[in-house]
Amino acid sequence: MRLRFTKMHGLGNDFVVIDATRETVDLTPERVRVIADRHFGVGCDQLLVVEQPTQPDVDFRYRIFNADGGEVEQCGNGARCFVRFVHEKALTDKDEIRVETRSGLIAPRLRPDGLVTVDMGVPRLQPAQIPFVSDSDAVVQPLDVAGETVAITAVSMGNPHAVQVVADVEMAPVQAQGALIEKHARFPARVNAGFMQVVDEGHVRLRVFERGAGETLACGTGACAAVVAGILRGLLVSPVRVETRGGELEIAWSGPETPVLMTGPAVTVFEGEMELA
Ligand SMILES: N[C@@H](CCC[C@H](N)C(=O)O)C(=O)O
């Protein structure tokens, strides 16, 4: 199978994007892993597939696969790249697009300055919605990680996040602890592990160990979840500038039962073709 793709990134969180609106693309977890492999394939953190919608009044369906081959519910940086992709491929001329994802509808908007704002939906905070095994719905909950108690806030942006506050994000045990939190038994669907340093009430530094991809240069849903956690903990006031290793996002949230708005860039790097067995 010959696969045409576009390589894109949002703040260095990189994607292979496939247009499946006109032809069916037969993706297996093994094929996704090969495409995402940085030595034997194209290389990416996530693979994004753009399809025709399955629901009325929706423009597209957008599917997301982690580098480990697993299909997931949501991807914030991917949502911004998705909008740029459908414009560059002339699949639509709408600036405001309604998109079906595994976890519901999102509404990205391409702005005149080239940045993309995405309505990422209302964050889910009840343990069962995340899913997180807990008898309590307290904002801050203890999590035992290899004998150490870590204070986390569990948030779903469609996909699950465990956010902790750290003194210095550059010194945080992102690799070692992130890998343990990702597969923690209290997160039955696994989880993205966020490490957030609060600089002031409108500015944080963030690193995320992503489920199915390891640490990435930025995580859009991770940024949304971190700001939600920070506001719920009384540490932040919307809007918040989120500094990642790959660049900055602005995240706005007016509080429970309101959607999170994420604004940031999306970049096309190159187009290519790959032979898939
Ligand atoms: N990089 C993404 C999130 C991709 C999915 C995530 N690894 C998961 O498994 O939930 C983003 O920008 O949000």
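User: Is Phe270 buried or exposed in this model?
Analyst: This is a predicted model, in which local features need pLDDT of at least 70 and side-chain atom pairs count only at pLDDT 80 or more, whereas totals for chains, interfaces and linings use all residues. Residues are numbered from 1 along each chain as its sequence is written. Phe270 lies in strand S18 (residues 267-275), where helices (H or I, at least four residues) and strands (E, at least two) are DSSP runs numbered from the N terminus. A residue is buried if 20 or more other C-beta atoms, placed from the backbone, lie within 10 Å of its own, exposed if 12 or fewer, and partly exposed in between; because Phe270 has 9 other C-beta atoms within 10 Å, Phe270 is exposed.

User: What distance separates the C-alpha atoms of Phe270 and Thr6?
Analyst: Along the chain, Phe270 and Thr6 are 264 residues apart.

User: Which residues does the UniProt annotation "active site" cover?
Analyst: The annotation comes from an unreviewed UniProt entry; its positions are given in the numbering used here, feature names are shortened, and annotations may be inferred rather than shown by experiment. The residues that the annotation covers are Cys75 and Cys219.

User: Is Cys219 buried or exposed?
Analyst: Cys219 is found in the loop between S14 and H4. Leaving aside neighbours within four places in sequence, Cys219 is in contact (C-beta atoms, placed from the backbone, within 7 Å) with Asn13, Asn192, Val208 and Glu210. Because Cys219 has 35 C-beta neighbours inside 10 Å, Cys219 counts as buried.

User: Which residues does Cys75 touch, not counting those up to four places away in sequence?
Analyst: Cys75 is found in the loop between strand S5 (71-72) and H2, and Cys75 is buried, with 30 other C-beta atoms within 10 Å. Beyond the excluded sequence neighbours, Cys75 touches Gln46, Ile64, Gly220 and Thr221.

User: Which helix gives the most to the shell around the ligand?
Analyst: Helix H2 (76-88) and helix H4 (220-232) each supply at least two residues of the shell. With three residues, the helix that gives the most is H2.

User: Which residues come nearest to the ligand?
Analyst: A residue is near a molecule if its C-beta atom, placed from the backbone, lies within 6 Å of it, and 19 residues are around the ligand. Those that come nearest are Asn77, Asn159, Arg211, Gly220 and Thr221.

User: Is Asn159 buried or exposed?
Analyst: Asn159 lies in the loop between strand S10 (148-156) and strand S11 (160-165), and the UniProt annotation "binding site" from the unreviewed entry includes Asn159. Beyond four places in sequence, the contacts of Asn159 are Val72, Glu73, Gln74, Ser103, Asn192 and Thr221. Because Asn159 has 27 other C-beta atoms within 10 Å, Asn159 is buried.

Conventions:
Two residues are in contact if their C-beta atoms, placed from the backbone, lie within 7 Å.
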